[in-house]
Amino acid sequence: MTITPSKNKTLFDYLAALLTGQLILPDDAAYESVRQLWNGRVKTRPAAIARCLTVEDVIHTVRWTREHGLPLSVRGAGHEIFGRSLRENGVAIDLSQMKTITVDPVAHTAQVQSGATAGELIGAAEKHGLATTTGTVSSVGMTGLTLGGGYGSLIGAYGLAADNLLSAQVVTADGRLITASAEEHSDLLWGLRGGGGNFGVVVSLEYRLHPLTTVLSGLLLYPLEQARTVLSKFNEFITTAPDELTIRSGFLQTPDGATALFLSPTYCGAIAAGEQIVAPLRTFGNLLVDQVQPITYNDLIHQLDVFTPAGRHYYLQTRSLAGLQTETIEVLIEQGLPLPSPFSTINIHHFHGVASRVGVSETTFALRQDHLMIEIIAAWEPQSPDEEQRHLQWAQHISRSLAPYAFKGGYINLLDREEQERVPFAFGSNYERLLGLKRRYDPDDVFHSTIGHLTP
């Protein structure tokens, strides 16, 4: 169904009257600011945005939208790269105002509404000396992060964000509120742990928390000419890294315009022990910068925010490798450098420890072996179409060059709509079971905003 401007107001008056929250239409003054996602490159314009304040608002919007045959999408905190949370001329359920977080310091759990960010969860948990895996920047939404798996700096000790999901409340495609837990709808809980947002609207999540306030973390910078040596030593070092140590690595541009290799360790055990374990990293090359020190996890999760502001244009490609070979190191250096802008980076995420010891069939997330997830981030201030194409081509070229050495699947949260062929490989042996779950909970394929290509 296509909504024309002349029909908008009358048609949507009925939905607006059902909501506690606000229904925002394209003619409203707030529309552009509310429509905008973290990635300023996304220009999708829904016909209406339902800013829900309650679960009842979500239920009403799902039922009304289905009744009128409109495309439906779901937006959490809005920190999104490919724009799947908005559909052209559709209705967007906006959960960004639903942020309540309740921490149980005795049970070490947190009940989190779906609009809450990583920073908001960590801030609430820190008051009780607790934390969980939350990605690497504070503005990322916990719901989207978790539904796709959820890499982060605590992955070795605590697993993926999805591994710490204990239960979830979900509004189904027919407008029912159900709970997915170990006791009820356990099949749905399995699907939510890395299967994407294709089964309903997740309105709240319950997480397992872990005792943690301070970590040993920071940045080590090495000269670019030593990158081959440092990355080779890094690749060998991580094969015996303890669970408590997870290390991001990659390339960035320094304030003086030079490109440098970085290692960013995070150790979440006893600080004194961490100092000894991290010490060998300092011998891998001639350090330009050494900022590794004790820091609260709350401060750590906010450190990168200044480098990832909302509104800038972003484009990502990812590849996952069993490790760094001579050939893949050469690809990163020869094909990836120089970086196309001061804001662009190559991040190498370290997957190991507890996350690797979860059985393949225990959650939907299937790549349960030690690996490195290469995140190729093109970021630029909008200037011209040529500027955009230059950045897209840079990221795509590196991705294609790494493909012969990479696993066929990928990180579902960061797969482009153009990469449909990688989706079944991402889920591996879990794919057929996932399709069966889709047929059970969403037989009409109402929800497909998260990965875009999973159909019943």
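Two strands are taken to pair if DSSP finds at least two bridges between them, and helices (H or I, at least four residues) and strands (E, at least two) are themselves DSSP runs, numbered from the N terminus. In that sense strand S19 (residues 345–351) and S20 pair antiparallel over seven bridges, with His349 standing opposite Met373 in S20. The model is a predicted one, in which local features need pLDDT of at least 70 and side-chain atom pairs count only at pLDDT 80 or more, whereas totals for chains, interfaces and linings use all residues. Residues are numbered from 1 along each chain as its sequence is written, and side-chain values use heavy atoms, with hydrogens and water left out.

Strand S20 spans residues 371–380, and ten of its ten residues are buried, where buried means under 20% relative accessible area, exposed over 50%, and partly exposed in between (1.4 Å probe, protein chains only). His371, Met373, Glu375, Ile377 and Ala379 point one way from the strand, while Leu372, Ile374, Ile376, Ala378 and Trp380 point the other way.

His391 counts as buried because its relative accessibility is 0%.

**Nonpolar cores**

A nonpolar core is a set of buried Ala, Val, Leu, Ile, Met, Phe, Trp, Tyr and Cys residues joined through side-chain atoms within 4.5 Å. The largest has 98 residues, and those with the most contacts inside it are Leu192, Phe234, Phe251, Leu263, Leu281 and Ile374. S20 gives the most to this core, with eight residues. Apart from it lies another core, of 28 residues, among them Leu23, Trp64, Leu95 and Val203.

**Strand S15**

Strand S15 (residues 259–267) is largely enclosed by the rest of the structure, because nine of its nine residues are buried. Thr259, Leu261, Leu263, Pro265 and Tyr267 point one way from S15, and Ala260, Phe262, Ser264 and Thr266 point the other way. Not counting residues up to four places away in sequence, Leu263 touches, among others, Tyr222, Val230, Phe234, Ile247, Leu281 and Phe284.

| Partner strand | Bridges to S15 | Residues standing opposite |
|---|---|---|
| S12 (residues 214–217) | two bridges | Ser217 and Thr266 |
| S13 (residues 220–223) | four bridges | Pro223 and Ala260 |
| S14 (residues 245–253) | nine bridges | Gly250 and Phe262 |

In the hairpin of S14 and S15, five residues lie between the strands, and Gly257 takes a positive phi near 90°.

**Cysteines**

A disulfide is a covalent bond between the sulfur atoms of two cysteines. Under the criterion of a pair of cysteine sulfur atoms within 2.5 Å, the structure holds zero disulfides. Cys52 is buried, with a relative accessible area of 0%, and Cys268 counts as buried too, at 11% relative accessibility.

Notes: Contact = heavy atoms within 4.5 Å.
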